[in-house]
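Subject: Model for your review

Hello,

Please find the model below. My notes on it follow.

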Amino acid sequence: MSDSSDRTEIKKLGEFGLIDKISGNFINKNSNTVKGIGDDAAVLDMGTHYQLISTDMLVEGIHFDLSYFPLHHLGYKSVAVNVSDIAAMNGIAEQITVSLALSNRFSLEAIDAFYEGVKAACEAYNVDLVGGDTTASKAGLVISVTAIGKVEKGKVAYRSGAKLNDIICVTGDLGAAYMGLQVLEREKQVFLENPDMQPQLDKYTYIVGRQLKPEARMDLVHELLDLNIVPSSMIDISDGLASELHHIATQSGVGLNIHEDKLPFASAMQEAAIEFKLDPNTAILNGGEDYELLFTISQGDFEKVKNHPDIHFIGYINEKSNGLNLVTNNGNPIPLKAQGWDHFS
Ligand code: ADP
Ligand code: MG
């Protein structure tokens with residue numbers, strides 16, 4: 001037994017602090033390890049191209065609740081969130097492995113449903129399931145997926161490449177996955193209090209769908225390739241826009257301003273936020289799980305994408321000393337705080 005004064009609680013470090021602590025103890029020894037810990041995927045030099053590898057784990061009770069998460073959607077989402085990390089490097093995913101820890105609570109039919117979703121995602125993203133591991137669990141379902149992809153050496157996009165005056169771009173709309181989660185959690189409570197009540201989800205189809213059926217924006221990676229644009233930096237939005245902007249700014253050594261009136265959202269997200277008495281900006285900035293792409297482009301590339309219907313220009317990169325700010329609708333810059341998700345808090 002160690003003295004309790006030697007003990008450091010993980011929540012004191014937080015998720016990112018813990019990752020920094022782990023990575024600080026390791027130095028890469030192999031010259032083909034181009035990028036280790038710290039980006040959306042590791043980057044390995046394969047001679048002709050770079051290989052990308054990313055792993056994400058989904059844990060029952062932390063990342064999903066099986067009382068409202070259909071297993072086929074869970075299978076799809078487990079693949080999509082990993083493919084999204086390959087997309088965030090400007091790469092194309094090609095293979096996945098899927099590892100499961102499950103209890104005897106699960107039937108063959110349940111596992112079949114899960115793999116139906118995995119298969120649908122393999123079709124949608126053109127990836128092959130090439131392996132995995134299966135083991136027993138006493139504490140619910142744990143899913144670990146690894147995605148492998150590739151990118152041309154000159155086209156990899158790191159979190160660290162944003163340059164002064166670059167334009168900050170974001171795809172799709174933000175905050176809906178978080179509001180969808182609020183709806184699902186509320187309906188679960190209603191059901192627990194009165195099991196005869198049927199969930200009322202009709203008017204929330206879009207936002208609930210964004211939570212249960214996220215898509216990796218592999219389509220955008222292909223489009224950027226076709227347009228001959230290599231983003232100067234890129235990250236996918238898993239923890240929330242503000243948190244991801246902090247990763248880009250910190251790793252690129254820059255500051256940035258984003259503009260409230262440019263932030264993309266769906267009206268269904270706004271309506272739900274108002275109903276839940278939440279500021280829609282909170283969902284947009286800190287909601288997470290939208291799996292859209294956040295990236296920067298040089299001013300010279302703007303002409304090629306300025307009319308793209310699904311790319312939104314939300315601000316500019318500037319000096320580090322400027323810090324990170326949200327310029328509100330009345331023109332005031334306010335410091336952008338990164339709340340994001342922290343599962344250890
Ligand atoms: P993302 O949200 O894009 O999946 P994470 O925040 O999970 O990224 O991870 C950031 C970086 O830290 C990645 O390079 C990831 O591989 C690495 N990482 C996370 N957890 C660990 C760990 N336990 N050991 C080593 N590396 C880790
Ligand atoms: Mg990521």
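A contact here means heavy atoms within 4.5 Å of each other. Helices (H or I, at least four residues) and strands (E, at least two) are DSSP runs, numbered from the N terminus. This is a predicted model, in which local features need pLDDT of at least 70 and side-chain atom pairs count only at pLDDT 80 or more, while totals for chains, interfaces and linings use all residues. Residues are numbered from 1 along each chain as its sequence is written, chains are lettered from A and ligands numbered from 1 in the order in which they are written, and side-chain values use heavy atoms, with hydrogens and water left out.

Helix α3

The buried residues of α3 pack against α2, β4 (92-102), β5 (128-136), β6 (142-151) and α6 (218-226). Buried means under 20% relative accessible area, exposed means over 50%, and partly exposed is in between (1.4 Å probe, protein chains only). The buried residues of α3 are A110, F114, G117, V118, A121, C122 and Y125. Seen down the axis, they fall within an arc of 145 degrees, so they line one face of the helix; the arc is that of the directions from the helix axis to the C-beta atoms. In general, an α-helix has 3.6 residues a turn, so residues three or four places apart point the same way. The face of α3 turned away from the buried side carries the exposed residues L108, E109, E116, K119 and E123.

The length of α3 (residues 108-125) agrees with expectation: at 1.5 Å a residue its 18 residues should span 26 Å, and its end C-alpha atoms are 26 Å apart. The expected span is 1.5 Å times one less than the number of residues. Just after α3, N126 takes a positive phi of about 55 degrees.

Helix α6

In α6, the residues M218, L220, V221 and L224 are buried. They cover an arc of only 155 degrees around the axis, which puts them on the same side of α6. The buried residues of α6 pack against α2, β4, α3, β7 (167-171), β10 (293-297) and β11. N228 follows α6 and has a positive phi, near 60 degrees.

UniProt positions are given in the numbering used here, feature names are shortened, and annotations may be inferred rather than shown by experiment. Over residues 208-300 the chain is 45% helix and 15% strand, with the end C-alpha atoms 38 Å apart.

Magnesium site

Which residues coordinate the magnesium ion (ligand 2)? The donors come from D40 (OD), D85 (OD) and D236 (OD), at 2.0 to 2.1 Å. Donors are N, O and S atoms within 2.8 Å of the metal (3.2 Å for Na, K and Ca); water is not among the atoms, so sites may look incomplete. Along the chain the donors follow the spacing D-x44-D-x150-D. D85 in helix α2 (residues 71-87) and D236 in strand β8 (residues 233-236) are 151 residues apart, so this pair links distant parts of the chain. D85 is buried, with a relative accessible area of 7%, and D236 is buried at 1%.

The unreviewed UniProt entry also places a "binding site" annotation on D239. D239 sits in the loop between β8 and α7 (241-252) and counts as buried at 14% relative accessibility.

Aromatic pairs

How many aromatic pairs does a search of the whole structure find? It finds 3. Rings of Phe, Tyr and Trp (its six-membered ring) pair if their centres lie within 6.5 Å; planes under 30 degrees apart count as stacked, over 60 as edge-to-face and the rest as tilted. One of the pairs is F114 and Y115, with ring centres 5.3 Å apart and planes at 85 degrees, so it is edge-to-face. F114 counts as buried at 1% relative accessibility, whereas Y115 is partly exposed at 26%. F302 and F313 also form an edge-to-face pair, with centres 4.9 Å apart and planes at 75 degrees. F302 lies in helix α10 (residues 302-305) and F313 in strand β11 (residues 311-318), so the pair ties together parts that are 11 residues apart in sequence.

Backbone angles

Most residues other than glycine have a negative phi. N165, in the loop between β6 and β7, has a positive phi of about 75 degrees and is partly exposed at 46% relative accessible area. E289, in the loop between α9 (280-286) and β10, has a phi near 65 degrees and is buried at 13%.

Regards
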